[in-house]
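Hi everyone, thanks for coming.

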Amino acid sequence: GFVSGGNPPCVTQEMSDFMTFSVNKAISCMSDISKIDPKSILNKFNTETGFNPSLSSVNGKGLGQLTTPAINEMTWPESKGGRGRFVLESIKNSSNPECNSFKSIAENDLKKDTVKLRESCDWLGFGDGLARNLIYSIGYYVTLREKYIIPMLKRRGANHLASYEKVI
């Protein structure tokens with residue numbers, strides 16, 4: 001089950017507005033990297049946490065219920081098995097003003113050998129915690145799509161890829 005360190009937070013209108021603003025900015029920022037279906041992302045957040053960014057379980061943390069393997073995928077170099085650093089690099093180097101709120105997180109995390117999944121404000125708090133959770137959650141979606149799903153469909157043939165692209 002989920003635990004959040006006690007009672008769930010009271011959600012004010014300001015918190016709800018901030019979350020909506022942050023999610024929209026993250027989707028807009030990462031839409032320069034890859035086509036993103038906002039409905040898929042919003043459905044994931046709703047299914048995983050009901051949009052409560054402070055939820056934590058044994059298997060995941062925060063809005064996108066991030067796991068250690070997902071974070072490793074995003075931060076490890078390809079030589080260690082990671083294939084998602086391109087998302088953080090793209091955010092860091094983006095000229096899209098929608099990415100400005102996420103640049104410092106991407107820059108700092110790219111400097112680290114390992115980014116740890118800890119139950120803390122790094123992943124669960126409003127502000128940088130929410131921003132980090134968004135770029136990693138949406139970035140993992142982009143990584144799976146661009147580095148695994150699309151290449152596999154291309155190998156299987158144009159019809160498979162065309163069918164997939166109709167649903168996204």
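**Starting from helix α5**

Let's start with what is buried in α5: Phe 102, Lys 103, Ile 105, Ala 106, Asp 109 and Leu 110. By buried I mean under 20% relative accessible area, with exposed being over 50% and partly exposed in between, using a 1.4 Å probe and protein chains only. And what do the buried residues of α5 pack against? They pack against α1 (13-30), α4 (85-93) and α7.

A word on where this comes from: it's a predicted model, where local features need pLDDT of at least 70 and side-chain atom pairs count only at pLDDT 80 or more, while totals for chains, interfaces and linings use all residues. Residues are numbered from 1 along each chain as its sequence is written, and side-chain values use heavy atoms, leaving out hydrogens and water.

**The overall picture**

Stepping back, the protein chain has eight helices and zero strands. Along the sequence the pattern reads α-α-α-α-α-α-α-α. Helices here are DSSP runs of H or I with at least four residues, strands are runs of E with at least two, and they are numbered from the N terminus.

Of the 168 residues in the protein chain, 41% are buried. Now take the contacts between residues at least 6 apart in sequence: 62% of these join residues at least 24 apart. Contact, by the way, means heavy atoms within 4.5 Å.

**How the helices pack**

For the pairs coming up, keep in mind that two packed helices are described by the angle between their axes and the distance between the axes. The axes are lines fitted to C-alpha atoms, for helices over the stretch in contact, and the angles run from 0 to 180 degrees between N-to-C directions.

Back to α5, then. Helix α5 (residues 100-111) packs on helix α7 (residues 128-156) at about 70 degrees, with the axes 10 Å apart. That makes α5 and α7 roughly perpendicular to each other; the bands are under 35 degrees for roughly parallel, over 145 for roughly antiparallel, 65 to 115 for roughly perpendicular, and oblique for the rest. On the α5 side the contact uses Phe 102, Ile 105, Ala 106 and Asp 109, and on the α7 side Asp 128, Ala 131, Arg 132, Ile 135 and Tyr 136. Sorted by class, the contact of α5 with α7 has six nonpolar, no polar and three charged residues. For those classes, Ala, Val, Leu, Ile, Met, Phe, Trp, Tyr, Cys and Pro count as nonpolar, Asp, Glu, Lys and Arg as charged, and the others, Gly among them, as polar.

Next, α4 and α5. Their axes come within 8 Å and cross at roughly 130 degrees, so α4 and α5 are oblique to each other. The crossing of α4 and α5 is left-handed, meaning the near helix is turned anticlockwise from the far one by less than a right angle, with clockwise being right-handed. Here Arg 85, Leu 88, Glu 89, Ile 91 and Lys 92 of α4 touch Phe 102, Lys 103, Ala 106, Glu 107 and Leu 110 of α5. That contact of α4 with α5 has five nonpolar, no polar and five charged residues.

The last pair is α1 and α7. Their axes come within 10 Å and cross at roughly 40 degrees, which makes α1 and α7 oblique, and the crossing is right-handed. From α1 we have Phe 18, Met 19, Ser 22, Val 23, Ala 26, Ile 27 and Met 30, meeting Leu 130, Leu 134, Ile 135, Ile 138 and Gly 139 in α7. The class count for α1 with α7 is ten nonpolar, two polar and no charged residues.

**The disulfide**

How many disulfides does a search of the whole structure find? One, taking a disulfide as a pair of cysteine sulfur atoms within 2.5 Å. Cys 29 and Cys 99 form it, with their sulfur atoms 2.0 Å apart. The torsion about their S-S bond is about 105 degrees, so the disulfide is right-handed. The pair links distant parts of the chain, with Cys 29 in helix α1 and Cys 99 in the loop between α4 and α5, 70 residues apart. Cys 29 and Cys 99 are both buried. Cys 121, on the other hand, counts as exposed, at 61% relative accessibility.

**Two residues in a loop**

To finish, look at the loop between α2 (38-49) and α3 (68-75), where Phe 51 sits. Phe 51 has a positive phi of about 65 degrees although it is not a glycine, and Phe 51 is partly exposed at 29% relative accessible area. Gln 65 lies in the loop between α2 and α3 too. Gln 65 has a positive phi of about 45 degrees, again without being a glycine, but Gln 65 is buried, at 9%.
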